[in-house]
Amino acid sequence: MQMVDMGIALCHFALTAKENGLDIQFMQENSQISANNEAAYIASYILN
């Protein structure tokens, strides 16, 4: 998956959250999430 695809997916997630009355904010932090070689940390979200 390319970063453009991930941006589109995050946009769809944010728009769906907004449509359902959720106020979210994306953030990037130095994550301690472990994953296999095929996965990468992109972002987290929090509810405002």
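Is alanine 43 buried, partly exposed or exposed, and what is its relative accessible area? In this predicted model, local features need pLDDT of at least 70 and side-chain atom pairs count only at pLDDT 80 or more, whereas totals for chains, interfaces and linings use all residues. Residues are numbered from 1 along each chain as its sequence is written, and side-chain values use heavy atoms, with hydrogens and water left out. Alanine 43 has a relative accessible area of 30% and is therefore partly exposed, given that buried means under 20% relative accessible area, exposed over 50%, and partly exposed in between (1.4 Å probe, protein chains only).

The C-alpha trace spans about 35 × 20 × 15 Å along its principal axes, and of the 48 residues of the protein, 8% count as buried. The protein exposes about 4,300 Å², of which carbon and sulfur atoms supply 53%; accessible areas come from the Shrake-Rupley method with a 1.4 Å probe, and for residues only the protein chains shown count as cover. With contact taken as heavy atoms within 4.5 Å, residues 24 or more positions apart account for 24% of the contacts with a separation of 6 or more.

Alanine 43 lies in the loop between E1 and E2 and, when residues up to four places away in sequence are not counted, touches Met27 and Gln28. The C-alpha atoms of alanine 43 and glutamine 28 are separated by 4.8 Å, although the two residues are 15 residues apart along the chain.

Glutamine 25 is found in strand E1 and counts as partly exposed at 41% relative accessibility. Leaving aside neighbours within four places in sequence, glutamine 25 is in contact with Ser44, Tyr45, Ile46 and Asn48, and its C-alpha atom is 5.4 Å from that of isoleucine 46, a residue 21 residues apart from it in sequence. Glutamate 38, in the loop between E1 and E2, counts as exposed at 78% relative accessibility, and its C-alpha atom is separated by 12 Å from that of glutamine 2, 36 residues apart along the chain.

A pair of aromatic rings is described by the distance of the centres and the angle of the planes. Rings of Phe, Tyr and Trp (its six-membered ring) pair if their centres lie within 6.5 Å, and planes under 30 degrees apart count as stacked, over 60 as edge-to-face and the rest as tilted. By this rule the count comes to two aromatic pairs. In one of them, the rings of phenylalanine 13 and phenylalanine 26 have their centres 6.2 Å apart and their planes at 55°, so this pair is tilted. The pair links distant parts of the chain, since phenylalanine 13 is in helix H1 (residues 3-19) and phenylalanine 26 in strand E1 (residues 24-27), 13 residues apart. Phenylalanine 13 is partly exposed at 37% relative accessibility, and phenylalanine 26 is partly exposed with a relative accessible area of 30%. Ring pairs link Phe13, Phe26 and Tyr45 into a cluster.

Technical notes. Helices (H or I, at least four residues) and strands (E, at least two) are DSSP runs, numbered from the N terminus.
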